[in-house]
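Welcome! Take a moment with the picture before reading on.

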Amino acid sequence: MNNLQVSKGKSQKTVNGGEYVGFGGWLYVYFFGLIVAFGSSLNGIFEKRIFLQDEDYQHLFDSNSESYSSLWKPLLWGEVFVDIITILFVLAIAYYCFKRSSKFPKLAISYMAIVLLSNIALAVLMHFLNATYLTPMIAKKEIAGMVFKSIVYSAIWIPYMLFSQRVKNTYMN
């Protein structure tokens, strides 16, 4: 049975004896992160397009060049793939969230798992790419930071999607 709980001049719908329901609370923080990921992915696609087409970087793809590595193209296309997946997932997550569909938490968890696994795979590829050069082309801190952020993001938000009363009340019932 739904009732109304008034707190500090604000009213919020509650269900099950005081548990919150609807978009609010920590979901705002989660969606802020999705907006940042969406913008970052759009920017990433634009930057990779320039990188792949710019004459200054073509020596990286030329097998006759000293700078050549066969890992550059898979790395860049892998990053573009992750950016496209991120954009598609963010749009789908937003749609199902605002429809209050039970697909929202499942889609959010799937997204986080895919991004985590993709970033680990890209980090391994970056490691092997660095091994082909005397001086690493990609900073180890950058590689580790990318994986660390994905692990922390997943470690926070996957349990939230699984155990939050707000998520259960809004999207599971």
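**A quick briefing**

Tyr-30 lies in helix H1, where a helix is a DSSP run of H or I with at least four residues, numbered from the N terminus. This is a predicted model, in which local features need pLDDT of at least 70, side-chain atom pairs count only at pLDDT 80 or more, and totals for chains, interfaces and linings use all residues. Residues are numbered from 1 along each chain as its sequence is written, and side-chain values use heavy atoms, leaving out hydrogens and water.

- Tyr-30 counts as buried because its relative accessibility is 0% (buried is under 20%, exposed over 50%, partly exposed in between, with a 1.4 Å probe and protein chains only).
- Tyr-30 and Tyr-153 are 123 residues apart in sequence, yet 9.7 Å apart in space, C-alpha to C-alpha.

**The surface**
- Phe-128 is found in helix H3.
- With a relative accessible area of 47%, Phe-128 is partly exposed.

**The largest pocket**
- A pocket is an open set of points on a 1 Å grid over the protein atoms alone, where a 1.4 Å probe fits, with protein on both sides within 12 Å along at least five of seven lines; lining residues have an atom within 4 Å of a point.
- The lining of the largest pocket has 37 residues, and those nearest its centre are Ser-40, Asp-83, Asn-119, Met-146 and Lys-149.
- Helices H1 (26-53), H2 (72-98), H3 (103-131) and H4 (140-163) each supply at least two lining residues.
- H1 gives the largest share of this lining, with 13 residues.
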